[in-house]
Amino acid sequence: MKPLLPFRALVPAALAVFALFSGPAGAQPAASAPTTAAPPSNYTPTRAEVERDLAAWKESGVEAQWAGDESPDINSPVYIADYQKYVSTVRTGDMAQPASSQTGPQRRW
């Protein structure tokens, strides 16, 4: 039974190594951010930009779908069409870039 003693001593060490490499630090980073990622934390939209965004949200019809107590079916064709209309409104024209009075590189929403 002496050969089992070294094996038993190696099991905790092997588990520790496995836990170290399987944690979040060992995970590979994502290749790119999703298209609906939030703007960088150092970006502060102006009041006018927020108001235009809210108007686009309401005009696209997405707000009405979130009005009830339950979440809408985000996979339904109606919701997808409304959300695409909202995104296309937000990503075009003046809403796609911060106000020119801000310093620094321009960012898209």
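Contact, as the word is used in this briefing, means heavy atoms within 4.5 Å. By that rule, and leaving aside its neighbours within four places in sequence, Tyr79 is in contact with Val62, Gln65, Trp66, Pro72, Asp73 and Ile74. This is a predicted model, in which local features need pLDDT of at least 70 and side-chain atom pairs count only at pLDDT 80 or more, while totals for chains, interfaces and linings use all residues. Residues are numbered from 1 along each chain as its sequence is written, and side-chain values use heavy atoms, with hydrogens and water left out.

**Overall fold**

- The protein chain has 4 helices and 0 strands, where helices (H or I, at least four residues) and strands (E, at least two) are DSSP runs numbered from the N terminus.
- Read along the sequence, the elements follow the pattern α-α-α-α.
- Of the 109 residues in the protein chain, 16% count as buried; buried means under 20% relative accessible area, exposed over 50%, and partly exposed in between, with a 1.4 Å probe and protein chains only.
- The protein chain exposes about 8,800 Å², of which carbon and sulfur atoms supply 62%; accessible areas come from the Shrake-Rupley method with a 1.4 Å probe, and for residues only the protein chains shown count as cover.
- Among contacts in the protein chain with a separation of 6 or more, 50% are accounted for by residues 24 or more positions apart.

**Nonpolar core**

- The largest nonpolar core has 5 residues, namely Ala56, Val62, Tyr79, Tyr86 and Val90; such a core is a set of buried Ala, Val, Leu, Ile, Met, Phe, Trp, Tyr and Cys residues joined through side-chain atoms within 4.5 Å.
- Helix α4 (residues 77-90) contributes the largest share of this core, with 3 residues.

- Because Trp66 lies in the loop between α3 (62-65) and α4 while Tyr79 lies in helix α4, the pair ties together parts that are 13 residues apart in sequence.
- Trp66 is partly exposed, with a relative accessible area of 37%, whereas Tyr79 is buried, with a value of 8%.
- Tyr79 also pairs with Tyr83, and here the ring centres are 6.2 Å apart with the planes at 10°, so the pair is stacked.
- Both Tyr79 and Tyr83 lie in helix α4, 4 residues apart, which is about one turn of the helix, and Tyr83 is partly exposed at a relative accessible area of 26%.
- Ring pairs link Trp57, Trp66, Tyr79, Tyr83 and Tyr86 into a cluster.
- Ile74, in the loop between α3 and α4, is partly exposed at 47% relative accessibility, and it touches Trp66, Tyr79 and Ile80, not counting residues up to four places away in sequence.

- Ser60 belongs to helix α2 (residues 47-60) and counts as buried at 5% relative accessibility.
- A polar atom of the Ser60 side chain lies 3.0 Å from the backbone oxygen of Trp57.
- Leaving aside its neighbours within four places in sequence, Ser60 is in contact with Asp82, Lys85 and Tyr86.
- Gly61 sits in the loop between α2 and α3 and counts as partly exposed at 21% relative accessibility.
- The C-alpha atoms of Gly61 and Lys85 are separated by 8.7 Å, although these residues are 24 residues apart along the chain.

**Salt bridge**

- A search of the whole structure finds 1 salt bridge, defined as a side-chain nitrogen of Lys or Arg within 4 Å of a carboxyl oxygen of Asp or Glu.
- The side chains of Arg47 and Glu51 meet in a salt bridge at 3.1 Å, N to O.
- Arg47 and Glu51 are 4 residues apart in helix α2, so about one helical turn separates them.
- Arg47 is exposed, with a relative accessible area of 67%, whereas Glu51 is partly exposed, with a relative accessible area of 45%.

Definitions and conventions. Polar contact = N/O pair within 3.5 Å; in protein donor to acceptor, adjacent residues only side chain to side chain. Phe/Tyr/Trp six-rings, centres within 6.5 Å; stacked < 30°, edge-to-face > 60°.
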